[in-house]
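This report goes through one structure by topic. Please look at the sequence and the model first.

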Amino acid sequence: MSANHIVVAQLGCGYWGPNLLRNYSAQPGCRVKWVAEQSAARRAYVENNFPQTRTTADWTEAVSDPEVDAVVVATPAATHFGLAKAILAAGKHVFVEKPLATSTQEADELIGLAAGSQRVLMAGHTFLYNNAVRHVRQLLEKRELGEFYYIYSQRLNLGQVRSDVNVWWNLAPHDVSILLYWLNGELPVSVSAHGIADIQPGIEDVVFAMLTWSSGVVAHIHVSWLDPGKVRKMTLVGSRKMIVYDDVSDDKIAIYDKGVDRVPKIGEKMDYDNFNNYQLIYRAGDVWLPRINSQEPLKVEAAHFLDCIRSGRIPISGPQHARDVVAVLEAGETALKSGQKVAITPAATPR
Ligand SMILES: NC(=O)c1ccc[n+]([C@@H]2O[C@H](COP(=O)([O-])OP(=O)(O)OC[C@H]3O[C@@H](n4cnc5c(N)ncnc54)[C@H](O)[C@@H]3O)[C@@H](O)[C@H]2O)c1
């Protein structure tokens, strides 16, 4: 790294990689020197659209380049651990697409390597850099919902079917990451899950999971590759208000002044001794659509990774958050396969 100039290599440029490449290439003080990609067609895409970036079929050529400071990993989830481990061993900072790894054991090993070599380790939990998600967190911090009851999340579409991981590991990292962020980093205490593998034997393409927190908050996650329409919706229900966050709608957030109030009727008939006497009043007031600044989350995410390299700050989606997401996903996978509710235990030492 010369002065504040950071040289980046990217591994993988399939469906998602071009979004990362475009954003890192546009960051001031950053040059994407390499894209390593196994597919000749995808290398041709990079050569045609990013002529200042070199391509190679061999990722070790890019990672071993002494000029490279940081590596962005945009390959399938099952490859993340092996590549990130080699990148950290080569002394480079690493941004790994979500999920960081496919087990907590792997995540812990990466975290240990990054800490030992004082390199930045960040996972691509894009929604933590999304202004709508951040706005909902602010509403929760101000206790706008009153007592927080429950959340349900739907992340559904037809495809992109994977074969290295099931839909739980592919789509639910987003839901889990957002839920942890909204609930101030607190881990759920347990998870139960039910899945269906209709397309590929043994690889669930639809999962329904239930997460429970010690506060009593529960969250239901429904993820699917086998659905007629694209849905990216999370609904939060509290005693005073309700929120719908719809990522594919123009109005990302709707806040409803709706609820059911228990109004005491004590004393109405001079029955001062009967404290159980109450009436349920349904409240349906105004709906607010707050204006959300539509900054591209990936641009904020890329800037944050580079800033953490320059400043030594710990990323928002750094070791602790990325490891917690993997811990919840791993417990969910055990629940899915066993049909049992699985307890989640926090890491012995906070990251
Ligand atoms: N943050 C998000 O919102 C988001 C969205 C989609 C995907 N993703 C993540 O991005 C990653 C990639 O997903 P995708 O949909 O682009 O997958 P993809 O299969 O379309 O692309 C992966 C690419 O990596 C290449 N590749 C695999 N191993 C390689 C290696 N060792 N060296 C060089 N190239 C290699 C493949 O040739 C392929 O082109 C996954 O981890 C996925 O979870 C994140």
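## Charges over rings

A charge is taken to sit over a ring if NZ of Lys or CZ of Arg is within 6 Å of the ring centre and within 35 degrees of the ring normal. The model is predicted. In it, Arg-155 lies over the face of Phe-127, 5.0 Å from the ring centre. Another case is Arg-42, whose charged end sits over the ring of Tyr-45 at 4.5 Å from the centre.

Strands of a sheet pair through backbone hydrogen bonds, either parallel or antiparallel. Here six strands make an open sheet with parallel pairing, in the order S3-S2-S1-S4-S5-S6. The edges are strand S3 (54-56) and strand S6 (121-124); each has a single partner strand, so one side of each has no neighbour in the sheet. On average, neighbouring strands of this sheet are turned by 20° against each other, direction ignored.

Strand S1 (residues 6-11) and strand S4 (residues 70-73) run parallel and are joined by four bridges. Gln-10 has Val-72 as its bridge partner in S4. Helix H1 (residues 17-26) packs on the sheet, where it touches S1, strand S2 (30-36), S4 and strand S5 (93-97). The direction of H1 makes about 150° with that of S2.

## Aromatic rings

A pair of aromatic rings is described by the distance of the centres and the angle of the planes. The structure holds six aromatic pairs. One of them is formed by Tyr-15 and Trp-16, a tilted pair with 6.3 Å centre to centre and 40° between the planes. Tyr-15 is exposed, with a relative accessible area of 55%, while Trp-16 counts as partly exposed at 30%.

Trp-182 and Tyr-245 form an edge-to-face pair, 6.3 Å centre to centre with 70° between the planes. Trp-182 lies in helix H7 (residues 167-182) and Tyr-245 in strand S12 (residues 242-246), so this pair ties together parts that are 63 residues apart in sequence. Both Trp-182 and Tyr-245 are buried. Elsewhere, Tyr-24, Phe-95 and Phe-305 form one aromatic cluster.

## Cysteines

How many disulfides does the structure hold? There are zero. The cysteine sulfur closest to that of Cys-30 is in Cys-308, 14 Å away, which is too far for a bond; a disulfide needs the two sulfur atoms within 2.5 Å. Cys-30 is buried, with a relative accessible area of 9%. Cys-308 is also buried, at 0%.

Terms used: Residues numbered from 1 in each chain as written. Predicted model: local features only at pLDDT ≥ 70, side-chain atom pairs only at ≥ 80, totals over all residues. Heavy atoms only, no water. Pairing = 2+ DSSP bridges. Helix = DSSP H or I, 4+ residues; strand = E, 2+ residues; numbered from the N terminus. Axes fitted to C-alpha atoms, helices over the stretch in contact; angles between N-to-C directions. Contact = heavy atoms within 4.5 Å. Buried < 20%, exposed > 50% of the residue type's maximum accessible area, 1.4 Å probe, protein only. Phe/Tyr/Trp six-rings, centres within 6.5 Å; stacked < 30°, edge-to-face > 60°.
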